[in-house]
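The sequence and the structure are shown first.

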Amino acid sequence: MKSISILVILLLTLLTSCHKEETIAASKLPSEIRHYVSVHFPENKIIHCVVEKEFFQKSYDLILDEGFKLEFDGKNNVTDIDGHTKLPDSVIPEKIRAYVTANYPDTI
């Protein structure tokens, strides 16, 4: 029974130590992420970057000035965009933009 308890404690320690967050410089971001930001948010500066490592997965969280927050997965694909002001049209899928324009013209 004692060896099982030790094994459980060791396993829990290993699992909790696998999650790691690290603040990095914008220059250390993958080139695909830097390119995405420069194309879609050319007027905004990256003010904070965090890389999260959990087991064998990696993700990136960015904060841009003007309150934009971007999240990227380990393959450098954008997974979430949030902002306090209007998002650039280039990050909104065309079908969604067309639907909103057609059905809610006063919101654009």
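Predicted model: local features only at pLDDT ≥ 70, side-chain atom pairs only at ≥ 80, totals over all residues.

## Overall composition

Residues are numbered from 1 along each chain as its sequence is written, and side-chain values use heavy atoms, with hydrogens and water left out.

The chain holds three helices and five strands, taken as DSSP runs (helices H or I, at least four residues; strands E, at least two) and numbered from the N terminus. Their order from the N terminus is α-β-α-β-β-β-β-α. The accessible surface, from the Shrake-Rupley method with a 1.4 Å probe, comes to about 8200 Å², and carbon and sulfur atoms hold 59% of this area. With contact defined as heavy atoms within 4.5 Å, residues 24 or more positions apart account for 38% of the contacts with a separation of 6 or more.

## Strand pairing

Two strands count as paired if DSSP finds at least two bridges between them. Strand β2 (residues 46-54) pairs with strand β3 (residues 57-64) in the antiparallel sense over eight bridges. One of the bridges joins Glu54 to Gln57 in β3. The two strands form a hairpin with two residues between them, and Phe55 in the turn has a positive phi of about 55°.

Strand β3 also pairs with strand β4 (residues 69-72), again in the antiparallel sense, over four bridges. Here Asp61 stands opposite Glu71 in β4. This second hairpin has four residues between its strands, and Glu66 in the turn has a positive phi of about 65°.

A nonpolar core is a set of buried Ala, Val, Leu, Ile, Met, Phe, Trp, Tyr and Cys residues joined through side-chain atoms within 4.5 Å. The largest such core has 17 residues, and Leu29, Phe41, Tyr60, Leu62 and Leu70 have the most contacts inside it. Elements α2, β2, β3 and β4 each supply at least two residues of this core. Beyond its neighbours within four places in sequence, Leu29 is in contact with Ile24, Arg34, Ile46, Cys49, Tyr60 and Leu62. In soluble globular proteins, nonpolar side chains tend to be buried together.

In α2, the residues Ile33, Tyr36, Val37 and His40 are buried. Seen down the helix axis, the buried residues of α2 fall within an arc of 95° and so line one face of the helix; the arc is that of the directions from the axis to the C-beta atoms. These buried residues pack against β2, β3, β4 and β5 (78-82).

## An exposed loop residue

Lys28 lies in the loop between β1 (19-23) and α2 (31-40). Lys28 is exposed, because its relative accessible area is 63%. The C-alpha atoms of Lys28 and Val51 are 10.0 Å apart, and the two residues are 23 residues apart in sequence.

## Salt bridges

There are two salt bridges, each being a side-chain nitrogen of Lys or Arg within 4 Å of a carboxyl oxygen of Asp or Glu. In one, the closest N and O atoms of Lys86 and Asp89 are 2.8 Å apart. Lys86 is exposed at 55% relative accessibility, whereas Asp89 is partly exposed at 38%.

In the other, Glu94 and Arg97 have their closest N and O atoms 2.7 Å apart. These two residues are three residues apart in helix α3 (residues 94-103) and are therefore separated by about one helical turn. Arg97 is partly exposed, with a relative accessible area of 27%.

How values were computed. Buried < 20%, exposed > 50% of the residue type's maximum accessible area, 1.4 Å probe, protein only.
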